[in-house]
Each structure stands twice: as structure tokens, then as C-alpha cells.
Amino acid sequence: MTRTSHDYRSLLAQAGHFLDEATGAVTPPIHLSVTYARDGDYAPISEYFYTRYGNPSFTPVESLLARLDNGAAAMLFASGLAGMAALVELVQSGQHIVAPEVMYFGAQAWIKRIARTRNIGLTLYNQSQPGALEAAIRHGETAMVWVETPVNPTWEVIDIAAAAKAAHQAGAVLTVDSTVAPGVSQRPLDHGADYVFHSSTKYLNGHSDILGGVVVARETNARWYELEEVRRYSGGVMGPFEAWLLLRGMRTLAVRWDAVCANAMAVAEHFRSHPKIERVAYPGLPDDPGHAVAVQQMTGGFGGMLSLLLKGGYEAANTVARSTAMFIPATSLGGVESLIEHRAVVESPDSMTPGNLVRLSCGIEAAADLIADLEQALERV
């Protein structure tokens, strides 16, 4: 049975339905087999022959992810960092990478390591300074421009279209980490990016029960097939059960996204004038520095991530992060449960994240309960 849809909500809700033609199962089966038999002529019976090259449980998920981001193809990885590392692997010795000063610290740590060990140039630009990205690019030398937007955990917004123009003029590709703004909100490929990257552990899965990553390409060219080769021989492939869980989680992505956006906005608006809060960083607020650009490229909501910068400094932030009851003090983001982190504690010693910053991942609980939980935690400061 063939279904078509022009609305991502229907596309997600129907994901994977009627894929099993043998049984008509509404929920697709999990194909756990690693290897697949050949026929009498020793030819593969189907397109699958070994899971490191592909698996029937990957196909519907990759197809859905490509459609959601309006890309030509998608590729699953064992973790977000596995996908990110594979992309950076495409940069050759003697070339140059441009990346933000503030970004997901694990990804930046890997980029720094690759630059140090493989004779690759690296320039970290100040993501909050206009023109810094363009100034960091070296024409004819820069091979990859990395953008994360909104920036984790300070939530500055980077203009994807402007970054794509600058990268392409220099002969570089633009890769956008859109983990905190999945395709229900932001589609970097529509703004000129060559690749969009997600840690599918986060919003795409939404239940904090898988590790995963995905790369979606604007076109399938020689570089894309090289990326396939990197995944195949590095072994960074997702497991079939994790792929099945990812597909299941994506069926509720649209409704989860609406809920976390509403909760984050409610929290941001409540605490923007709180006497113990120096600033609320959230691009959904009309007076946020990145709001105007966010309105242009985050057309489906501003997400569930925000940060509170406390007037009491490092100790105040640490106290709040240890004093909540509903916000769980844990690493990660994008799940149905709300999480809180004092980022300066969990990042590396050379992190540029402000010490007074508390990062919040709003879940789908009642907004009033989340606000009350943060209020009682602030009373301890």
C-alpha cells in the first residue's frame, strides 16, 4: 500500500507502516541478522548481504530522515560522535577546518584532535561576533566549515544561508549540526548546507534509550560515497534494534516537539526578569540577539533548550543544578524528561562556557511544575 503526504506530521506518524508485505504488520519487524544468504548462483538474494553494509531495519529510518531534512540520502551511525568523526575524516592532510569557539564540546574535542594529529589547519571563530565565520575561512584551503545552530549551550543563532555562501565561495562544504533543531523546525539543506548532522540520541529518538547519529546530504556525490566507505570500514554502524527504536521514537517527534517548545518558552518568559537571573539565553525570546535569524530558519518552533545565567556565578549555578526535584541532573538532551546541567562541570577545563550557566532541556511535563521546581532551587542560592 502506497501513501503520500505533504505534511511532516503525517509523514512521521505513519513512519514504517506497511513495510512488511509478508504479514502486513503495522509496526515493522526488527532484522537482527548480521549476514544474509546467497542464491544458487552465489549472488545476494536481495540488496542486503552483511549488516555493516546495510540492513533492512536501516532502510525505512534513513529514508524517513532524508525526507524530513529534504535531503537526497541519509546515513545512520552508531553514535552522534561516530557520524561527526566520519564527516571530519573526509578532510585531508594540509587542508583547513573552520568551527565555532563554543559548540558541543565532544565534537570540538575530536576536531582539535584530528587537526593536531593529521596536519590539518583549524580556526575556531567567535560564533557571537558578526563576520567572524567569514573571516576565518581561507579561500582554496578551507575544506569544511562547521556550524552548530543554535549553539550548545549558549544558544546563539548562526545564519546558515550566509555561512553556506561564504563556504561555497571558498570552495568548502558546509556541515550544520542541527541536533537541537531537527527537521520539524530547521532544515539546513534548504538554506544551502551540504550536510546536516544530528545526534539521533536526542530529539529524533526522544526517549533517552539509544545512542545514534545521522548524516543527511543535499546530494549523493563522490564525497557521499566516500562517507559510506568510512562508515563501512570504521565499523561505526548503528545496531538494528537501535534503528527500530529510533523509528519508533520519530513517530511522536512532532507532538513532542510542540510540547518542549511550549515548555521552554514558558520557562524562558517566566525567568527573564527574575532577580537572581542575569540573562535567559533562548532564541524564542523576541529580545534575544539571535531571534530575527531564528525566525527565518527555525520555522517550526524554537526548541526545548535554554540556559539560565545566574547572577551568583559558578557557585550559584552549581547549587541550582544540584537542587531541582523534577529536572534530573544528567547529561544529554531532547528526551521526554527534563534535564539540568551545570555545563562548566561536565566540559573540559579549557571550555569557554560561562561558569554561571545552567543548561536546561525541557521535557513534556507540565510547564507550571517545571517553573515551580526551578523557583525552589533558586531559593537555595
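In this predicted model, the axes of helix α2 (residues 59-68) and helix α8 (residues 240-250) come within 10 Å and cross at roughly 40 degrees, which makes α2 oblique to α8, given that angles under 35 degrees count as roughly parallel, over 145 as roughly antiparallel, 65 to 115 as roughly perpendicular and the rest as oblique. Local features need pLDDT of at least 70 and side-chain atom pairs count only at pLDDT 80 or more, whereas totals for chains, interfaces and linings use all residues. Residues are numbered from 1 along each chain as its sequence is written, and side-chain values use heavy atoms, without hydrogens and water.

**Helices α2 and α8**
- The crossing of α2 and α8 is left-handed, and the contact (heavy atoms within 4.5 Å) is made by Val-61, Leu-64, Leu-65 and Leu-68 of α2 with Ala-243, Leu-246, Leu-247 and Met-250 of α8.
- By class, this contact of α2 with α8 has 8 nonpolar, no polar and no charged residues.

**Glu-62 in α2**
- Glu-62, which lies in α2, is buried (under 20% relative accessible area), with a value of 15%.
- Leaving aside residues up to four places away in sequence, Glu-62 touches Ala-74, Met-75, Leu-76 and Arg-231.

**Helices α9 and α13**
- The axes of helix α9 (residues 253-271) and helix α13 (residues 367-378) come within 9 Å and cross at roughly 40 degrees, and the two helices are therefore oblique to each other.
- α9 passes α13 in a right-handed crossing, with a contact that includes Asn-263, Val-267 and Phe-271 of α9 and Leu-370, Leu-374 and Glu-375 of α13.
- The contact of α9 with α13 divides into 8 nonpolar, 2 polar and 1 charged residues.

How values were computed. Axes are lines fitted to C-alpha atoms, for helices over the stretch in contact, and angles run from 0 to 180 degrees between N-to-C directions. Helices (H or I, at least four residues) and strands (E, at least two) are DSSP runs, numbered from the N terminus. A crossing is left-handed if the near helix is turned anticlockwise from the far one by less than a right angle, and right-handed if clockwise. Ala, Val, Leu, Ile, Met, Phe, Trp, Tyr, Cys and Pro count as nonpolar, Asp, Glu, Lys and Arg as charged, and the others, Gly among them, as polar. Buried means under 20% relative accessible area, exposed over 50%, partly exposed in between (1.4 Å probe, protein chains only).
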